[in-house]
Amino acid sequence: MAGVSAIGFSGRWTRVMAFSQGAYTIKLQAAGGLRLWVDGRLEIDAWDAQGAFIEHKAKVALDGGLHRLEVEYVNRTGGAALVFVDLPPNPPLPVDQPVLRYTRGLTATLSWLDTGDADGGATNAPRRFTVSVGRENPAAGAPLEILNSDWLTTTSWVAQFPGSGAYVWRVAAGDGATVSEWSAPRRIVVDRAPPWAQMASATNPSEELDPAQKGPQAPSRAPGLRLRWTQTDTLSGVAFVDIQAREIVRASTGYTFATEYRETTRSAVEVVVEGGREITRSTLITALVPFTGVVEVRTFAPNPTATWKLVQSNLTGSETFFVGTPGAVYEFRARAVDWAGNAQEWYDGYSVAAQMDPNAIPAPPPTFTPVPTGTPTRVPPTAIPPTQTPVPTARRPALPTPTPTTGPKKQP
């Protein structure tokens, strides 16, 4: 520079540069002393160096954005020289593609973004990229490389995976003079094996009650079956489970009229002879009175042609609740689908069957108030039959009406 001595001078250069997030190795070559400041932090301190042309470098971790670089230089003996060595390109940014997190295919197109070069590059050569693919190896820390590309001028590359497994890939950029740091790794799981799910049980909620809770005061029974299953997958994990069911025994409920005989106490008049005189007095008699009412009739029929139907899908977890017909017997089977899209086949041999509690949700019969449908029949107290439970198809025959008692005839 004009007016500045070639021996015994110093200077300061400042530049604001754009960086992507990552680690950068900054190199300076100088014959003399120098300091490098990055965002006000002293990264290289070689102020006392002099004489020979020496390379100085520092590895600096930077966030993405603009950063201020300052270089201070001093020459004491002549032969001044200062070279700011070409900065490496910014590490490329891999494109996160959800469809590649888990895949069934053995090929995948890996893509990334060119994030530029902080100093524009020291050469006119275009940036190129290289990709490395390795097997995930948590024990060793770093992935074991199995694939790598040549230097590419495109921002995508088709990787050919050898088989199922967990892989990581990363990409670096070069400008012809220096190479960037590797990008942050991206994980890909290649899963070609289907998962597995198997029914474990189907139970009525009433069967799960504590014995102390069962009885007349037990809580009302829920209208359904609790289904449980087990599931597993080796690589990508189970995404969801589907459930199929078929009704192997059908249950139906109907109503019919039935007659029930009930014991009824009534007042009556009784005539007796005492001391040759007829005496009439009141008494109580027990009679069987027929009542007609509506009763429930349940029927059960095997269903050998029952077909499987999808009853619940996209289930997560390990249990669900199925609502069906009280008293019917259902068979259930499960299948799993993993995150890579592999679906398990439906298997009959791993199903479970259970009868839904017949009393789970008893349908209320039509409102009907029993009314007498015949003449009350008087029977002696010793002849009163025990109370009978009404049967839809049976009817007790009416008993003969007893003849009223009469006194003896008077003697002439």
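What share of contacts in the protein chain between residues at least 6 apart in sequence join residues at least 24 apart? I looked this up first, and the share is 74%, with contact taken as heavy atoms within 4.5 Å.

**Ground rules**

I am working with a predicted model, where local features need pLDDT of at least 70, side-chain atom pairs count only at pLDDT 80 or more, and totals for chains, interfaces and linings use all residues. I number residues from 1 along each chain as its sequence is written, and side-chain values use heavy atoms, with hydrogens and water left out.

**Whole chain**

I found 25 strands and zero helices in the protein chain. Both are DSSP runs numbered from the N terminus, helices being H or I of at least four residues and strands E of at least two. The chain has 412 residues, and 36% of them count as buried. For that word I use under 20% relative accessible area, with exposed over 50% and partly exposed in between (1.4 Å probe, protein chains only). I also noted that the protein chain exposes about 23800 Å², of which carbon and sulfur atoms supply 53%. These areas come from the Shrake-Rupley method with a 1.4 Å probe, and for residues only the protein chains shown count as cover.

**Glu331**

Next I went to Glu331, in strand β22 (residues 329-338). Is Glu331 buried or exposed? Glu331 counts as buried because its relative accessibility is 12%.

I then asked which side chains make polar contacts with the side chain of Glu331. One is that of Arg246, at 2.8 Å, and another is that of Ser351, at 2.6 Å. A polar contact here is a pair of N or O atoms within 3.5 Å; within protein, one must be able to donate a hydrogen and the other to accept it, and residues adjacent in sequence count only if both atoms are side-chain atoms. Leaving aside neighbours within four places in sequence, I listed the contacts of Glu331, among them Gln244, Ile248, Trp308, Asp348 and Val352.

**Two positive phi angles**

Asp39 is not a glycine, yet I read a positive phi of about 55° there. Asp39 sits in the loop between β3 (33-38) and β4 (41-46) and is partly exposed, at 34% relative accessible area. Asn314, also not a glycine, has a positive phi of about 55°; I place Asn314 in strand β20 (residues 309-315).

**Leu106**

I found Leu106 in the loop between β9 (102-103) and β10 (107-113). Its relative accessibility is 29%, so Leu106 counts as partly exposed. How far apart in space are Leu106 and Asp191? C-alpha to C-alpha I get 9.1 Å, for a pair 85 residues apart in sequence. Beyond four places in sequence, Leu106 is in contact with residues including Phe161, Pro162, Val190 and Arg192.

**The five-stranded sheet**

I traced an open sheet of five strands, with mixed pairing and the order β9-β15-β14-β11-β12. The edges are β9 and β12 (144-148), each with a single partner strand, so one side of each has no neighbour in the sheet. Two strands pair if DSSP finds at least two bridges between them. For β11 (residues 128-135) and β14 (residues 165-174) I count eight bridges, in the antiparallel sense, and Arg128 stands opposite Gly174 in β14.

**A nonpolar patch**

Last, I noted that Leu93, Val95 and Leu113 form a nonpolar patch on the surface, with about 230 Å² of accessible area together. Leu113 lies in strand β10 and is partly exposed, at 47% relative accessibility. Patches are made of residues with over 30% relative accessible area and no salt bridge, joining like charges within 9 Å and nonpolar side chains (Val, Leu, Ile, Met, Phe, Trp, Tyr) within 5 Å. A salt bridge puts a side-chain nitrogen of Lys or Arg within 4 Å of a carboxyl oxygen of Asp or Glu.
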